[in-house]
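Hello,

Here is the structure to be handed over. My notes on it follow below.

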Amino acid sequence: MSRVLSTEQAKSAIGQVQSIINGGFTDQISALDAQGKILSDPNTWDGPLAAQFRGSTWPETKAALDKARQELEELRTQLQKISQDIFSAGGGA
């Protein structure tokens, strides 16, 4: 039989991770995206380095941010499911 354990410390850590994802980190990613869009407009910022930013730096960074946001949402969902399963199996709340 496999061991099922979830302490209050684990429950608290799960809550903290979910809180960071829900309230802070994904909001910060959205804020970065908004600023990246502004800087990608040649009518706002232009020149050789700005063109490099528009052409490669920002598209690569935006793709990484979008992937991070997706993976964080998947992590949040997995933690919620795992937490529910463990607390149900252990009779916890």
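F53 and W58 are both buried. Please keep in mind that this is a predicted model.

F53 has a relative accessibility of 15%, and buried means under 20%, so F53 falls in that class. W45, at 34% relative accessibility, counts as partly exposed, because that value lies between the 20% limit for buried and the 50% limit for exposed.

On the rings: a pair of aromatic rings is described by the distance of the centres and the angle of the planes. There are two aromatic pairs in the structure. One is formed by W45 and F53 and is edge-to-face, with 5.3 Å from centre to centre and 65° between the planes. F53 also pairs with W58. That pair is stacked, at 5.9 Å centre to centre and with 20° between the planes. The labels follow from the angles: 65° is edge-to-face because it is over 60 degrees, and 20° is stacked because it is under 30 degrees. Through these ring pairs, W45, F53 and W58 are linked into a cluster.

Where does Q9 lie? Q9 is part of helix α1, which covers residues 8-39. The relative accessible area of Q9 is 68%; exposed means over 50%, so Q9 counts as exposed. Along the chain, Q9 and F53 are 44 residues apart, and their C-alpha atoms are separated by 43 Å.

Regards

Terms used:
Residues are numbered from 1 along each chain as its sequence is written. This is a predicted model: local features need pLDDT of at least 70, side-chain atom pairs count only at pLDDT 80 or more; totals for chains, interfaces and linings use all residues. Side-chain values use heavy atoms; hydrogens and water are left out. Helices (H or I, at least four residues) and strands (E, at least two) are DSSP runs, numbered from the N terminus. Buried means under 20% relative accessible area, exposed over 50%, partly exposed in between (1.4 Å probe, protein chains only). Rings of Phe, Tyr and Trp (its six-membered ring) pair if their centres lie within 6.5 Å; planes under 30 degrees apart count as stacked, over 60 as edge-to-face and the rest as tilted.
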